[in-house]
Amino acid sequence: MNSTNSYTLNELARIVGGRVEGDATLAISGVASLHAAQPGEITFVAHPKYLRSLRTSHASAVILDQATPADRPAIRVEHPYVAFATLLTLYYPPVRPAPGIREPVSLGARVRLGEDVTVFPWVTLSDDVTLGDRVVVYSGVFVGMGSSIGEDSVIYPNVTLYDRVTIGRRVVIHAGAVLGSDGFGYVPGPEGRHHKIPQVGGICVEDDVEIGANVCIDRATLGETIIRRGTKLDNLVHIAHNVEVGEDNLLLAQVGISGSCRLGHHVTLAGQVGLRDHLEVGDHASVVAQSGLAKDVEPHAVMAGSVAMPHPVWRRVQVALPRLPQLVRTIAALEQRVALLEERLTRPT
Amino acid sequence: MNSTNSYTLNELARIVGGRVEGDATLAISGVASLHAAQPGEITFVAHPKYLRSLRTSHASAVILDQATPADRPAIRVEHPYVAFATLLTLYYPPVRPAPGIREPVSLGARVRLGEDVTVFPWVTLSDDVTLGDRVVVYSGVFVGMGSSIGEDSVIYPNVTLYDRVTIGRRVVIHAGAVLGSDGFGYVPGPEGRHHKIPQVGGICVEDDVEIGANVCIDRATLGETIIRRGTKLDNLVHIAHNVEVGEDNLLLAQVGISGSCRLGHHVTLAGQVGLRDHLEVGDHASVVAQSGLAKDVEPHAVMAGSVAMPHPVWRRVQVALPRLPQLVRTIAALEQRVALLEERLTRPT
Amino acid sequence: MNSTNSYTLNELARIVGGRVEGDATLAISGVASLHAAQPGEITFVAHPKYLRSLRTSHASAVILDQATPADRPAIRVEHPYVAFATLLTLYYPPVRPAPGIREPVSLGARVRLGEDVTVFPWVTLSDDVTLGDRVVVYSGVFVGMGSSIGEDSVIYPNVTLYDRVTIGRRVVIHAGAVLGSDGFGYVPGPEGRHHKIPQVGGICVEDDVEIGANVCIDRATLGETIIRRGTKLDNLVHIAHNVEVGEDNLLLAQVGISGSCRLGHHVTLAGQVGLRDHLEVGDHASVVAQSGLAKDVEPHAVMAGSVAMPHPVWRRVQVALPRLPQLVRTIAALEQRVALLEERLTRPT
């Protein structure tokens with residue numbers, strides 16, 4: 001994807017709220033990473049550890065924080081990465097597909113379509129579905145009965161929304177995600193068979209949520225499984241029935257949340273973390289990758305380990321663990337030495 | 001989803017095989033959780049720890065076991081959760097979509113359709129596919145050559161069944177699941193490249209199995225990958241080639257089973273568990289979440305565990321780790337003995 | 001799937017480059033595993049540990065290495081498993097669906113189709129898509145703008161390729177895989193909200209790659225996410241933005257690779273392994289199942305992590321584990337005290 005716009009360094013500084021150092025009239029045709037940047041482009045250094053890569057970068061200008069020394073024309077800002085994101089949007093403005101219904105599309109009864117919606121071919125909108133203004137629904141999407149999608153949301157190809165799934169505004173759902181499948185609920189019968197508990201609840205996804213590819217979110221048994229405003233789910237995340245994920249969470253790839261967990265706001269779960277059922281996770285808590293939680297987590301706690309213990313304890317355990325086999329031998333030797341001492345002391349002299 | 005039926009407490013007690021305590025003529029319009037229940041509805045207490053929530057519930061009646069004290073009209077049963085499941089089905093009877101072929105559908109040669117099947121648009125049924133009576137196939141489903149689906153099964157949107165996949169009766173497959181992709185089988189060539197071993201076997205899913213959203217089950221190299229009667233797979237489970245999963249298993253979300261494993265009946269694997277290849281897992285065994293199994297498991301065993309370091313060190317740590325609790329006691333005893341020695345040596349003789 | 005061809009043992013030996021022991025004129029109608037083989041078929045023993053199963057096999061002939069004793073007509077080769085794979089292809093030659101566009105298909109502007117391509121119904125090929133000669137695209141596949149698929153590649157049902165995804169030659173992508181979804185990149189705003197970093201890069205998948213069912217590969221923020229020649233990804237693998245996976249890697253099921261990691265060639269990651277972001281993994285490194293990597297890995301290193309032991313033992317280990325760092329200090333102190341005691345006792349009084 002090539003950008004065709006060009007801005008002066010001065011114009012860019014104004015857009016990102018920064019200060020120019022060097023030639024403010026320099027023309028900048030694009031933004032790129034340190035390694036990929038070509039002459040005429042601007043790059044950025046988000047952390048001092050990448051400063052060495054700056055020297056060999058072909059970029060004509062650089063976005064820096066207030067302290068880092070500049071070896072070429074620069075824009076000074078508080079948060080270089082934020083400025084970088086802003087310039088990405090400037091040089092690569094998002095492209096919305098043209099509005100319209102691209103037949104063939106299967107429309108149920110009482111489907112309500114907002115203004116300027118885009119519906120690709122091979123889409124199924126079941127009875128009583130509502131699409132808000134400017135919604136985009138790509139090919140192969142299935143939307144079940146009574147579900148609704150709020151304005152400016154984008155649903156990528158082959159997503160399945162079952163019945164009674166409510167999607168807010170400006171939500172992005174990536175390809176292959178499934179929302180509304182039955183929760184994993186069975187009761188044991190007398191003969192050892194598993195009898196299904198009907199899953200008759202719904203799902204509510206609030207505004208500004210982003211859902212990764214092939215994510216699975218189960219409907220509630222009763223009531224609703226809820227993903228609150230601004231939360232982002234990475235690829236292949238699993239959310240079980242009756243879970244409530246709070247606002248502005250970041251759940252990284254392959255995280256699994258068991259039934260009826262409640263996560264506060266600004267919770268971060270790193271990749272492959274698993275939570276047992278019915279846990280409460282406090283606001284601003286974060287959990288290190290692959291950890292398994294079996295107990296509630298306090299607000300602002302940082303948890304780690306497949307045993308899940310406070311992060312500082314876990315770091316010390318990681319250091320000690322490889323020394324464990326040596327410890328076993330040390331202790332055995334100590335025991336012998338102590339026994340010898342005891343023998344000498346109790347031996348009549 | 002709203003229910004429109006109403007039953008007296010007496011009628012409900014008869015349906016779930018329980019005993020009424022209090023006003024048997026009370027009209028009950030629905031069933032709900034402790035927190036969500038409204039006046040006129042019945043709720044349930046499955047465990048004494050939820051008893052406190054009962055006091056503040058707005059429910060007009062409650063399902064209880066024989067021992068728990070009741071503060072309002074109640075139905076007494078052995079297993080409140082089972083009774084709850086029964087009432088869910090009563091108030092929210094499953095809705096089957098009307099039978100019929102909803103064009104456009106792509107039908108191959110020699111496709112056999114049972115009575116009262118429902119096929120949604122954008123479905124592909126390849127040559128020699130068979131659908132039993134009352135099967136429901138949702139939009140975007142692909143069924144490969146020679147595959148068959150037994151009566152009363154439901155296949156949700158965007159599921160892919162490759163060639164020669166046999167699905168039993170009353171099976172439910174949730175959206176995005178893939179059955180029949182090639183097993184991960186390669187042989188190393190002399191030049192270090194991986195050569196594909198043809199995967200020419202099939203898949204057999206027996207009656208009453210439920211398969212979660214975006215689950216992947218690989219076809220066998222030769223023979224069949226088998227999921228036996230009554231087993232339930234949660235979302236995002238991976239089953240490799242030539243695996244045999246026994247009857248009435250529960251495999252929770254994101255479990256991964258490597259090739260040629262054989263699981264007995266009534267095995268439970270909690271979330272994110274992984275099994276290496278060629279393992280035998282005995283009947284009624286269960287495995288705690290995130291555990292990794294590298295050895296066979298005895299029947300009725302309960303297995304658990306999960307730590308990263310160089311492989312030789314790791315092997316020695318594996319040996320030492322189970323001795324850690326004993327080490328703690330050994331060290332405490334050693335400390336006492338050394339203190340005693342010190343005391344004796346410093347004591348004036 | 002039944003084979004209809006028959007070959008003499010002599011013919012088979014010539015095909016696999018082996019030597020016949022016993023009746024070279026024996027007619028062999030198929031190839032099967034030790035347990036499944038029927039009279040008239042040939043089987044194989046890949047490892048001495050399976051030799052016992054040979055005795056009870058009904059196979060009429062067997063593929064063996066040079067050392068293993070034969071109890072029936074045999075073909076001697078260096079690598080029985082490779083010969084087995086060759087015979088599988090012989091008896092079960094891959095079947096390509098007949099070429100042609102099976103309407104209805106949605107074609108954008110400037111779509112270029114090579115010779116003998118097969119396109120199933122309900123496929124969307126967006127503007128500027130290119131399919132090479134003999135490409136097969138199954139039902140429900142979506143290919144975004146400017147993407148291309150090299151010759152002889154097969155894309156199974158319900159795969160989604162977003163815009164600007166480049167697929168090489170002889171690539172196989174299994175059902176439900178998603179290539180090109182946005183990387184998980186956000187910058188925190190002043191009010192604690194997460195602002196999306198536009199993901200404007202692409203994806204490049206080189207020749208001879210195989211991608212499992214429901215795999216997710218994110219597009220790069222800038223530049224390209226790369227999967228190099230000959231690499232194989234098992235089901236449900238997650239590859240984040242800007243990752244580069246080298247040649248001839250094997251990434252097993254449910255592996256997760258965080259952003260900007262670079263894997264060398266011939267790397268093997270076993271099931272459910274997770275890598276944090278920006279790691280370098282050297283050539284020929286391998287990692288044991290469920291391990292979590294947080295540091296770079298040297299070439300040829302074998303890394304490991306994760307435990308399984310009986311549950312009661314595991315519970316006590318869980319209790320002891322957080323005390324391990326303290327234990328290390330206790331033992332060091334004990335050693336000093338014992339040394340002091342020993343010194344005093346051996347010191348002439």
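Select B:Leu12, B:Ile15 and B:Val16 in helix H1 of chain B: these residues meet B:Ala83, B:Thr86, B:Leu87 and B:Leu90 in H3(B). Contact here requires C-beta atoms, placed from the backbone, within 7 Å. Helices (H or I, at least four residues) and strands (E, at least two) are DSSP runs, numbered from the N terminus. The residues of this contact comprise six nonpolar, one polar and no charged. In this classification, Ala, Val, Leu, Ile, Met, Phe, Trp, Tyr, Cys and Pro are nonpolar, Asp, Glu, Lys and Arg are charged, and the others, Gly among them, are polar.

The model is predicted: local features need pLDDT of at least 70, side-chain atom pairs count only at pLDDT 80 or more, and totals for chains, interfaces and linings use all residues. Residues are numbered from 1 along each chain as its sequence is written, while chains are lettered from A and ligands numbered from 1 in the order in which they are written.

The crossing of H1(B) past H3(B) is right-handed, that is, the near helix is turned clockwise from the far one by less than a right angle.

Remain in chain B and select strands E18 (residues 160-161) and E21 (residues 178-181), which pair in the parallel sense over two bridges. Pairing requires at least two bridges found by DSSP. Within this pair, B:Thr160 stands opposite B:Val178.

Turn now to the contact between chains C and A, which takes 50 residues from chain C and 59 residues from chain A. On the chain C side, the elements giving two or more residues are strands E21 (178-181), E22 (186-188) and E23 (194-196) and helix H5 (324-346). H5(C) supplies the largest share, 10 residues. By class, this side has 24 nonpolar, 19 polar and seven charged residues.

Finally, select chain A, which has five helices and 40 strands. Its radius of gyration, taken over C-alpha atoms, is 28 Å, well over the 20 Å that the globule rule (2.2 Å times the number of residues to the power 0.38) gives for 349 residues, so the chain is more spread out than a compact globule. Along the principal axes, its C-alpha atoms fill a box of roughly 105 × 75 × 30 Å. The average pLDDT (the predictor's confidence in each residue, from 0 to 100) of chain A is 90, and 91% of the residues score at least 70. The model scores ipTM 0.88 and pTM 0.89.

Terms used
Two residues are in contact if their C-beta atoms, placed from the backbone, lie within 7 Å.
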